[in-house]
Amino acid sequence: MVENRVPSWAREPIAVPSTSIYTKSDGVVNWHQCLNRDLPQLENVEVYGSHCGLGFNPAVTFVIADRLAQTPNWQPFKPPLALRRLYPTPVDFDTRLARAA
């Protein structure tokens, strides 16, 4: 159980905007464990690819560049129309799924 292995301070949501980039076909990390909670300024962006391929994935690079270019007024990631096929429909954090994984 995650609660037994992770200190309580590490389970609290962070106070800055955060984006989790994950892939359901990771093969190394259970994708449920990668999801941010459904809170303001926390988001989850799914991409297609493998665990080892994330560092070379153009969809990941675009998300990172977009997040780093944010102005002080945080906005959720929204891929441009021409790139939307690179991003599956996002999944909201579900504590039941995260606990079961």
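Predicted model: local features only at pLDDT ≥ 70, side-chain atom pairs only at ≥ 80, totals over all residues.
Reader: Fine, so which residues of helix 3 are buried?

Author: In helix 3, which covers residues 58-68, the buried ones are Ala59, Val60, Val63 and Arg67; helices (H or I, at least four residues) and strands (E, at least two) are DSSP runs, numbered from the N terminus. Seen down the axis of helix 3, these buried residues fall within an arc of 100°, so they line one face of the helix, the arc being that of the directions from the helix axis to the C-beta atoms.

Reader: What is exposed on the other side of helix 3, and what covers the buried residues?

Author: Pro58 and Leu68 are exposed on the other side of helix 3, whereas the cover over its buried residues includes strand 1 and strand 2.

Reader: Which residues make up the largest nonpolar core?

Author: That core has eight residues, namely Val45, Val47, Leu54, Ala59, Val60, Val63, Phe77 and Tyr87, and a nonpolar core is a set of buried Ala, Val, Leu, Ile, Met, Phe, Trp, Tyr and Cys residues joined through side-chain atoms within 4.5 Å. Helix 3 gives the most to this core, with three residues.

Reader: Switching topic, how many aromatic pairs does the structure hold?

Author: There are three aromatic pairs, where rings of Phe, Tyr and Trp (its six-membered ring) pair if their centres lie within 6.5 Å, and planes under 30 degrees apart count as stacked, over 60 as edge-to-face and the rest as tilted. One of them joins Phe62 and Phe77 edge-to-face, at 6.2 Å centre to centre with 65° between the planes.

Reader: Is Phe77 buried or exposed?

Author: Phe77 is buried, with a relative accessible area of 12%, and its ring centre lies 5.2 Å from that of Tyr87 with the planes at 65°, so that pair is edge-to-face. Phe62, by contrast, is partly exposed at 30%, and Phe62, Phe77 and Tyr87 form one aromatic cluster.

Key
Residues numbered from 1 in each chain as written. Heavy atoms only, no water. Buried < 20%, exposed > 50% of the residue type's maximum accessible area, 1.4 Å probe, protein only. Contact = heavy atoms within 4.5 Å.
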